Amino acid sequence: MYIQEVYRAGQIKIITIRVTNDSDMINYCYLIVDVVTKHCCLVDPAWDLMKIEDIIRVNCLIPKAVLLTHAHYDHVDLAFDFSTLFNIPIWISWEEAFHYNFFHDRLETFKDNQNLYLGNLLVEAWVTPGHTKGSSCFHINGNLITGDTLFIEGCGECSSEGGNANKLYESLKRLKETCTDETLIFPGHSFGKKPGVTFQYVRENNIYLQFNDVISFSKFRMRKHQIGLLNFK
């Protein structure tokens, strides 16, 4: 079927949805679901509206919001469509919306560490800049949706407008200091491992989490011949 995996932590479950466009760009979007009320939030919807809508319908879910980790097109492609379809708000960090002039009638913005009360769901928004000006992660019940801030095998590039390798180093340092070993990581792209591995695994196997100084990290992240998005699985 369409659902890749379902991860459950108490009353909350994360449904991962693998989607691709005509150019073979592959993304993971997510549904954060309250299993009792069926309230859900849709994170970074892209490419295949019918596939995502079918999963919402089959599971009898009640969408309460669209959450965006950042404003790159492959993460916001269907945000306005789902906002209109279900008459729900779109949430993105204030820094991201302001810097990229990303605005919409239903847009709401959050600040770092803000709690978002969305139906029966409580989502913590962490602003983690570096990949973009106001990239963010979403934490709920020991699950962390990381967008392009952190992948299982790597991290987002910093060469596009608003990116900053020094800030990404600080964001990853924050995750290392904040996440427990048991925190499950759900990135926007994957090189092969399925989303939902523990932060302990990511910390031990992701080369970008091995750097202890910003200069070495930035030099390595900004090196030539970086792997492109089309290689993501």
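Tutor: Asp181 is partly exposed, its relative accessible area being 30%; here buried means under 20% relative accessible area, exposed over 50%, and partly exposed in between, with a 1.4 Å probe and protein chains only. The model is predicted, so local features need pLDDT of at least 70 and side-chain atom pairs count only at pLDDT 80 or more, while totals for chains, interfaces and linings use all residues. Residues are numbered from 1 along each chain as its sequence is written, and side-chain values use heavy atoms, with hydrogens and water left out.

Asp181 forms a salt bridge with Arg203, the closest N and O atoms lying 2.8 Å apart; the term denotes a side-chain nitrogen of Lys or Arg within 4 Å of a carboxyl oxygen of Asp or Glu. Because Arg203 lies in helix 6 (residues 199-205) and Asp181 in the loop between helix 5 and strand 12 (184-187), the pair ties together parts that are 22 residues apart in sequence. Helices (H or I, at least four residues) and strands (E, at least two) are DSSP runs numbered from the N terminus. Arg203 counts as partly exposed, at 25% relative accessibility.

A search of the whole structure finds three salt bridges. Another joins Asp112 to Arg174, with 3.0 Å between the closest N and O atoms. Arg57 also forms a salt bridge with Asp54, at 3.3 Å between the closest N and O atoms. Both of these residues, Arg57 and Asp54, belong to helix 1 (residues 49-58) and are three residues apart, about one turn of the helix. Arg57 is exposed at 54%, whereas Asp54 is buried at 17%.
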